[in-house]
Amino acid sequence: MLGPPASIAAVFYSALVTLMVQHMRKLRQVNATLVLRHTVLFVMRPPYHPVYLLLNKYAMIKNVLLLTATTVLFTAIICKAQKKTVVPAIKTAAMNDLQAAYDGYKKIAVQIWDYAEVGYKEYKSSALLQQTLKDNGFTVDTAVAGIPTAFVAQFGSGKPVIGLLAEFDALPGLAQDSLPEKTPLAGRTAGHGCGHNLFGTASVAAGIEIEKLIAAGKLKGTVKVFGCPAEEGGSGKVYMVRAGLFNDVDVVIHWHPGDANEVTMVSALANISAKFRFHGIAAHAAAAPEKGRSALDAVEGMDYLVNMMREHIPQQTRIHYVITNGGKAPNVVPDFAEVYYYVRHPEKDMVREIFNRVVKAANGAALGTETTMDYEIIGGTHDLLLNKTLAAAMQKNLIQVGGVQYTPEETAFAKKIQATFNYKAPAIETADSIKTALPVADASTGSTDVGDVSYAVPTVGLSAATWVPGTAAHSWQAVACGSKDIGAKGMMVAAKTMALTAIDLFTDPALIEKATQEYKTALGDYKYQALLGDRKPALNYRD
Ligand SMILES: [Zn+2]
C-alpha cells in the first residue's frame with residue numbers, strides 16, 4: 001500500500017500523463033506513444049518516481065512545497081503582468097467609448113439645462129436620468145429616503161460596491177440664455193447656475209460605462225448611481241445618508257462643474273440653515289400703531305443682534321440671511337415676517353454652537369417686540385472629509401484624461417464671457433490644464449451635502465472645467481456655458497476621470513483597503529448625527 005502523500009502523487013502523475021496523451025492526440029502533431037514514453041521516463045527519475053517518493057517522504061514534501069511556491073510565484077508574476085497591460089487597456093477603451101457617446105450625453109445635459117427644475121421639483125430631470133440608466137440595464141429604486149425625485153440605480157452584484165453621485169437641481173432667479181451677455185430667458189424663473197445638468201449627466205455616463213465593463217466580465221462587483229435632489233439648500237443627500245442608503249458602499253465618487261480641472265482637496269463648510277418666523281399683531285400703521293406689534297420689527301431686531309454677534313464668533317464663521325417675508329404694505333403693521341438664515345463654519349460642532357446663539361438672538365428680538373417666534377431648520381450639512389489615498393489615484397486619472405480644448409469659436413465666446421468680469425480672469429488655456437491636488441487650508445468655500453456622504457463612506461471628487469476660466473458658480477455666465485460644448489466637454493472630462501477611478505477601485509482591493517483605513521482614522525470616534533436633526537425632507541423649501 002502506498003502512503004497518502006505518495007498515493008496523491010501517483011494519482012497526480014497518472015492524471016498528468018493521461019491528460020498529456022489526450023492533448024497530444026487531439027493535436028495529432030506528435031506520436032502519442034512517444035510522448036507517453038518520454039513522460040513515463042521523466043517521472044520515473046528520482047525524485048519524481050512514486051516509489052522513490054514513498055521511500056523518501058521528505059523529498060516529496062520538499063517537492064510539493066517547491067511546486068506550490070513556484071505556482072504562487074508564477075501566478076503573482078502573471079497577474080501583475082496581466083494587470084499592467086489589461087487595466088490600461090480597459091481604461092483606454094472606456095475613454096474612447098465615452099467619447100463616442102459625447103453627442104448623446106450632451107443632448108441629455110442640454111435637456112436638463114432646459115428643464116431647469118429647482119430643488120425637490122426635479123421630476124423631469126430625475127425621470128430622464130432614471131430612464132437612461134434603465135435603458136442600459138440598471139435596476140432603479142425610485143423615491144428613496146422619502147424624496148419623490150431621489151433614486152438609486154444599481155447594476156452588478158457583490159463587492160466592491162462603488163457609488164457615483166448625480167445632482168440635477170437648478171437655482172432660482174438665474175434664467176439665462178446660452179449667450180456671452182446677460183440675457184434672461186423669458187418665461188423662466190430658474191437656471192443651471194451650478195452646472196448640475198452636467199453633474200447628473202456625467203455621473204450617469206460614468207455609471208453606464210462601468211455597467212458595460214461589468215456586463216462584459218471585465219470588472220466584478222456592483223456600481224450604484226445615486227440620484228441626489230436638492231443639493232442647493234435642500235440637503236437632499238443628508239436624508240439619503242440618514243436612510244442608510246450608503247451603508248453597503250465601499251467608495252463614493254463625485255464631481256462638480258467648475259472653471260478648472262482639479263481633484264478636490266478643499267473641505268467644505270458645515271452648515272445649518274433655518275427660517276425664523278415671527279408673529280405679531282396687525283393694526284393701522286398710522287391710526288392705531290399702539291395696538292399693533294410688528295413682526296418685521298422682530299426680524300430687524302434679530303438681524304441687528306446677529307450682526308453685533310459677528311464680532312464675537314470665530315473668524316471663519318459665515319452668517320448670511322435674506323428677509324423672505326417682511327409684510328405686505330407699509331400702512332399695515334405686519335403680523336407676520338420671516339427671515340432665512342445660513343450659519344457656516346469649517347467645524348460642525350462650532351456650527352451647532354453658533355446656531356444656538358442665533359436662536360437666542362431670535363428669542364431676544366421676540367421678547368423685546370412682544371411678538372412670538374418659531375423656527376424651522378431647513379438644511380444642515382457636514383464639512384467634507386477628504387481622502388488623500390483616493391485623491392492621489394484620481395489625480396493620475398485626471399492627468400491621463402486631460403483638460404478641455406477650445407475651438408477658435410469657443411475661445412471667442414470665452415473672451416466675451418471674460419470681458420464681463422469685474423476682476424482679472426485666469427488665461428483661457430487653463431481650461432486645458434490640470435491643477436495639482438494639494439490640501440488647501442483656510443480656502444474659502446461653500447457647503448455641500450456631499451459632506452454627509454463623506455462621513456458615511458470614503459469619498460473622492462473633482463472639479464472639471466465646464467465654465468470659462470474665471471467664471472463664478474451661481475452666475476449667469478455659468479448658466480450660459482452649461483448648454484454649450486464648453487460645458488459638455490468639461491462634463492466628459494469628469495465622466496472619464498470618474499470611470500477610470502472606478503476601474504482602479506474595481507481592480508485593486510488594496511486601494512479600497514487603504515482608503516478605508518484613512519477614512520476610519522479621520523472619522524475617529526465621531527458618531528454621525530445629521531445637523532438638520534430628524535426633520536422630514538423640506539420638500540417645499542423652494543415655495
Ligand atoms: Zn453645485
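Predicted model: local features only at pLDDT ≥ 70, side-chain atom pairs only at ≥ 80, totals over all residues.
**View 1. Seven strands line up in an open sheet.**
At the edges sit β1 (139-142) and β8 (262-263), each of which pairs on one side only.

**View 2. Strands β3 and β6 run in the parallel sense.**
Here you can follow β3 (residues 161-167) beside β6 (residues 222-228), joined over seven bridges. To find one of these pairings, look for Glu167, whose bridge partner in β6 is Cys228.

In soluble globular proteins, nonpolar side chains tend to be buried together. The core shown here has 141 residues, and Ala166, Met491, Ala495, Ala499 and Ala502 have the most contacts inside it. At least three residues come from each of domain 1 (101-268 + 385-523) and domain 2 (270-381). Zoom in on Ala495 and, leaving out residues up to four places away in sequence, you will see that it touches Leu98, Ala202, Ala205 and Ala206.

**View 3. Thr149 lies in a loop, between β1 and β2 (151-156).**
Is Thr149 buried or exposed? Thr149 counts as buried because it has 27 C-beta neighbours inside 10 Å, and the cut-off for buried is 20 or more. Beyond its neighbours within four places in sequence, Thr149 is in contact with Tyr120, Glu122, Tyr123, Ser126 and Pro229. Gly227 is 78 residues away from Thr149 along the chain, yet their C-alpha atoms are separated by 7.7 Å.

Notes
Residues numbered from 1 in each chain as written. Pairing = 2+ DSSP bridges. Helix = DSSP H or I, 4+ residues; strand = E, 2+ residues; numbered from the N terminus. Core = buried A, V, L, I, M, F, W, Y, C linked by C-beta atoms within 7 Å. Buried ≥ 20, exposed ≤ 12 C-beta atoms within 10 Å, placed from the backbone. Domains from an automatic or database assignment. Contact = placed C-beta atoms within 7 Å.
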